[in-house]
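Dear colleague,

Please find the structure below, together with its sequence. My notes on its aromatic contacts follow.

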Amino acid sequence: MISDQRVLTVITSGLKLFVAFCGAVVVLIGFSYIVESTNAGLSRLAPWVLEVLIQPAIMIRRWFAEIPGAELSYHYYGVIGVFDYISLIIFYVIVCIILAWCWVIIRSKISRVEKSLA
């Protein structure tokens, strides 16, 4: 059985990972605005990464609204709304909790191997 302590560890680690992820996205958005405002001729890496991070919202809207892919991809970036932001937050929180759960399992297996070797 999974103990309450392990569940609490997974959830807190997942939320900490989500906060770190949000900080990285904010830094990336700031970098993107700086690059766009200075016209420094730098690559479009930051805006491209932000577009990739929005793709789960496009998929979630497709699942709920059943809009064909060609129409949605073309018109999506101008109509992102509250539903899309909420779905992105929920999606990335779930992803971070799954990653934290995998990390806790890996860490427990490593500690078992270390105990068996000692």
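Tyr92 is buried, its relative accessible area being 13% (buried is under 20%, exposed over 50%, partly exposed in between, with a 1.4 Å probe and protein chains only). This is a predicted model, in which local features need pLDDT of at least 70 and side-chain atom pairs pLDDT 80 or more, while totals for chains, interfaces and linings use all residues. Residues are numbered from 1 along each chain as its sequence is written, and side-chain values use heavy atoms, without hydrogens or water.

Tyr92 belongs to helix α4, which runs over residues 82-117 (helices are DSSP runs of H or I with at least four residues, numbered from the N terminus). The 36 residues of α4 reach 52 Å from first to last C-alpha, close to the expected 52 Å (1.5 Å times one less than the number of residues). Other buried residues of α4 include Leu88, Val93, Cys96 and Ala100.

There are two aromatic pairs (ring centres of Phe, Tyr or the six-membered ring of Trp within 6.5 Å; planes under 30 degrees apart are stacked, over 60 edge-to-face, the rest tilted). Phe21 and Tyr92 form a tilted pair, with 4.8 Å between centres and 40° between planes. This pair links distant parts of the chain, as Phe21 lies in helix α1 (residues 4-38), 71 residues from Tyr92. Phe21 is partly exposed at 25% relative accessibility.

The ring centres of Phe91 and Tyr92 are 5.1 Å apart with the planes at 70°, so this pair is edge-to-face. Phe91 is partly exposed, at 31%. Phe21, Phe91 and Tyr92 make up one aromatic cluster.

Yours sincerely

How values were computed
Helices (H or I, at least four residues) and strands (E, at least two) are DSSP runs, numbered from the N terminus.
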